[in-house]
Every structure is written in C-alpha cells, then in structure tokens.
Amino acid sequence: MDKLAIVVPCYNEEEVLKIASEALRGVLQDLIQKEKIAGDSFILFVNDGSKDRTWELIEEEHAAYPEKVCGVKLAGNVGHQFALTAGLMTAKDMSDVTVSIDADLQDDVSVIEEMIDKFHAGCDIVYGVRRERKTDTFFKRTSAQMFYKLMSLMGVKTVYNHADFRLMSKRAVEEFSKYKETNLFLRGMMPLIGYQTDSVYYDRKERVAGESKYPLKKMLALAFNGISSFSVKPISLILGMGLFIIFVSVIALVYALISYFTGHVVPGWTSLILSIWFLGGLQLLAIGLVGQYIGKIYIEVKQRPRYNIEKILTADGESK
C-alpha cells in the first residue's frame with residue numbers, strides 16, 4: 001500500500017495545532033483501517049519560524065506519537081508558499097503520496113479519503129475545491145472572484161476556488177521539484193505539471209481557533225505575485241495604453257491646430273495641468289510595474305536558497 005504524508009505548514013498556530021493533530025491522526029487511522037494507505041503513513045508539520053509555542057507543541061506531539069507525527073523546523077519565517085514547498089520536498093523521499101492542508105482546519109479533512117480514492121484511480125494531482133463562498137464577507141467573495149477572473153484574463157491557469165489543499169503523487173512532487181524559481185505561486189504552478197488531475201468539492205469551515213494568518217495585505221501580495229510570475233500581459237497592457245495615448249495626442253494636436261487657425265483658441269491651464277498629472281502618473285505606474293519585473297529577475301538570478309531547514313523530526317529520530 002502507498003504511504004501517505006499529510007503536510008501542514010504552520011505559523012503561530014499554537015491555538016489549533018493539537019486540535020489539527022488529533023483530527024488528522026483520526027483521518028490516518030481511519031484510512032489505515034480501511035486499508036487505503038500504509039500503516040506507517042504520517043503527518044508532517046512544518047514550523048515556519050513561528051514566534052509562539054508552535055514548535056514546542058510539534059515536539060510534544062512527536063514525543064507522544066513518534067510514528068504518526070513528524071516535524072520540520074525552518075530556521076526563519078519564509079512565508080506560506082516556501083514553508084509548504086519545504087514540507088513537500090522533505091516528504092518526497094519519505095512517502096508515496098502527499099496531501100497538503102493548512103493547520104486551521106477550514107478545509108474539510110473528510111474529503112482526504114476521496115482524494116486517496118481518486119489517486120488510486122490514476123490521478124497524480126487532486127485539487128480540493130470549495131463548493132461556494134457564502135460564508136465569506138461580501139468584500140472577500142467579490143475580490144476572490146475578481147482575482148480568478150483577472151488571472152484567467154492574464155493567461156494564468158488556475159483552478160477556481162482552489163487554494164493549497166491538494167493531493168500530489170510522488171512523481172508529481174518530483175516533477176514539481178524541478179521548478180526552481182524563487183517567486184512561488186503554487187496554485188498556478190500545479191497545472192503546469194501536466195499529469196492527470198481531478199477535483200473533490202467541500203464546504204469550507206470557520207477557523208476552530210486563532211486568527212487568520214493571511215490578511216488583506218498578504219492576499220494582495222500573493223495575487224500580484226501570481227500574475228507577475230506567470231504573465232507579461234501587464235507590460236503589454238502598458239504598451240497598448242501608451243499607443244492609445246499617442247493616438248489621442250495626435251487627435252488633440254489636430255484639434256489644437258484647427259482651433260489656432262480658426263481663431264478659437266481658449267486658455268486651457270486646467271486641462272493642461274490635468275494632462276501633465278495624468279501622463280506623469282501613467283509614466284510612474286509603467287516604470288514601477290516594469291521595475292517589479294526587473295526586481296523579480298534580480299531575485300531569481302541570485303539563486304539564494306528558498307528556505308533553511310534547522311531540524312527534522314521523523315519516526316527514526318531527529319536529524320539535521
């Protein structure tokens with residue numbers, strides 16, 4: 001049977017960690033009893049430089065359930081996408097299939113069994129997809145819909161209403177390991193792998209405890225990173241806007257010449273200043289956007305490590 005690793009990135013999750021551990025251990029036990037996964041399947045918590053007792057609690061869970069709860073301690077906070085990647089790369093050589101899920105248990109752990117069934121049916125990647133967003137606020141629901149539509153317009157392939165709750169086979173994780181870029185947007189990278197995929201659907205729950213670690217600022221940063229990492233269309237839009245402004249300027253020139261020769265010249269200080277401000281703002285926007293792409297290139301070419309693993313807790317003992 002296939003060995004399952006449930007990868008759980010954690011950042012300041014002391015309020016939910018033991019609850020998540022208990023729930024996920026229950027899922028493992030149920031799947032093992034049904035003989036759908038191997039008996040040595042495990043949970044891999046990844047501590048992303050937490051400032052609270054998250055790592056201490058992971059160590060306690062590992063001491064109590066050494067064969068079922070493992071841990072990875074990153075040397076510092078690197079962000080959700082890097083922490084999840086660190087977990088997947090660690091689990092790659094320890095398991096046959098992985099499921100990634102957040103520690104807040106808002107994703108429905110009961111559909112992991114359905115993911116495993118689809119994996120046994122031949123799927124290498126199974127996406128966990130929300131059925132609806134009725135529990136979200138109007139702003140969050142509207143902004144999420146705009147985000148997915150914008151990603152589609154920019155030519156970025158994503159799965160609608162899917163975040164980072166997914167199953168990946170060993171060969172899918174190995175293929176993902178070949179993607180070395182520093183600017184990670186996992187939900188956009190997974191469709192690029194190209195193996196057989198499917199989806200399971202669930203209703204998202206409220207957090208069992210604690211506060212969200214993804215405020216609006218981080219969500220906007222993730223959205224921009226996703227667009228700029230997978231598409232150059234924003235630069236193309238700036239080019240198109242520049243050409244349009246040149247066209248309008250030519251029309252304005254013709255109009256100004258006609259007004260001059262017909263003697264209908266009207267002082268236009270306000271319109272002149274507004275035009276200068278508009279064009280100046282547009283130029284700053286264009287320079288800033290191009291600068292963002294150049295900055296990404298700068299970060300990529302340095303090829304710095306994406307994360308540093310300080311300690312690993314496994315069933316065989318502590319390493320590194």
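Thr 90 is part of helix α3, residues 80-92; helices here are DSSP runs of H or I with at least four residues, strands are E runs of at least two, and both are numbered from the N terminus. The model is a predicted one, in which local features need pLDDT of at least 70 and side-chain atom pairs count only at pLDDT 80 or more, while totals for chains, interfaces and linings use all residues. Residues are numbered from 1 along each chain as its sequence is written, and side-chain values use heavy atoms, with hydrogens and water left out.

Is Thr 90 buried or exposed? Thr 90 counts as buried because its relative accessibility is 11%, the limits being under 20% for buried, over 50% for exposed and partly exposed in between, with a 1.4 Å probe and protein chains only. Leaving aside residues up to four places away in sequence, Thr 90 touches Leu 44, Val 72, Ile 309 and Ile 312, where contact means heavy atoms within 4.5 Å.

I turn to the nonpolar cores, each a set of buried Ala, Val, Leu, Ile, Met, Phe, Trp, Tyr and Cys residues joined through side-chain atoms within 4.5 Å. The largest has 37 residues, of which Leu 4, Val 8 and Ile 112 touch the most other members. Elements supplying at least two residues each include β1 (4-10) and α4 (112-120), and α1 gives the most, seven. A second, separate core of 31 residues includes Cys 70, Met 89, Met 168 and Leu 186.

Finally, confidence. Mean pLDDT, the predictor's confidence in each residue from 0 to 100, is 80 for the protein, and 72% of residues reach 70 or more. Where pLDDT is low, the predicted coordinates should not be read in detail.
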